[in-house]
Amino acid sequence: RIILIGDHNQLPPVVKNMAFQKYSHMDQSLFSRFVRLGVPTIQLNAQGRMRPSLADLYRWRYQDLGDLPHIDTDPIFKIANAGFTYDYQCINVPEYNGQGETEPQP
């Protein structure tokens, strides 16, 4: 018996070679392949790492996703991040030295 842990709802791998993208489906994760092929899966139905207002941003993606009991009782999940007015905010990050976002270079 083998147990694999993964999430086929997350972003797929980035494959820059067009031939691999088109003919080998390497842009699909192993876990996504198993789901597509009908391998039995169990999807978690509760999260316990963030306040409900943040989890609401992606509940549409996960069927029946709820919160673990400590999310409602632990005070750390009741307050916003220090310095933020709201639970979450989008922050505009300007270009640095005239250059916008780039890919990291190893």
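Among contacts in the chain between residues at least 6 apart in sequence, what percentage join residues at least 24 apart? The share is 35%.

**Figure 1. The whole chain in a predicted model.** The chain has four helices and two strands. From the N terminus on, these elements run α-α-β-α-β-α. The radius of gyration is 19 Å, well over the 13 Å that the globule rule gives for 106 residues, so the chain is more spread out than a compact globule. Along its principal axes, the C-alpha trace spans about 50 × 50 × 25 Å.

Figure 2. Mean pLDDT for the chain is 82. Of its residues, 95% reach 70 or more.

**Figure 3. A network of salt bridges linking Asp56, Arg59 and Asp67.** Side chains of opposite charge can pair when their charged atoms come close. A search of the whole structure finds two salt bridges. In one of them, the side chains of Asp56 and Arg59 meet at 2.5 Å, N to O. Arg59 also meets the side chain of Asp67 in a salt bridge, at 3.0 Å, N to O.

**Figure 4. Exposure of Asp56 and Asp67.** Asp56 has 48% relative accessibility, so this residue counts as partly exposed. Asp67 is partly exposed too, with a relative accessible area of 26%.

**Figure 5. The surface of the chain.** Of the 106 residues, 11% count as buried.

Key:
Residues are numbered from 1 along each chain as its sequence is written. This is a predicted model: local features need pLDDT of at least 70, side-chain atom pairs count only at pLDDT 80 or more; totals for chains, interfaces and linings use all residues. Side-chain values use heavy atoms; hydrogens and water are left out. pLDDT is the predictor's confidence in each residue, from 0 to 100. A salt bridge is a side-chain nitrogen of Lys or Arg within 4 Å of a carboxyl oxygen of Asp or Glu. Buried means under 20% relative accessible area, exposed over 50%, partly exposed in between (1.4 Å probe, protein chains only). The radius of gyration is taken over C-alpha atoms; the globule rule is 2.2 Å times the number of residues to the power 0.38. Contact means heavy atoms within 4.5 Å. Accessible areas come from the Shrake-Rupley method with a 1.4 Å probe; for residues, only the protein chains shown count as cover.
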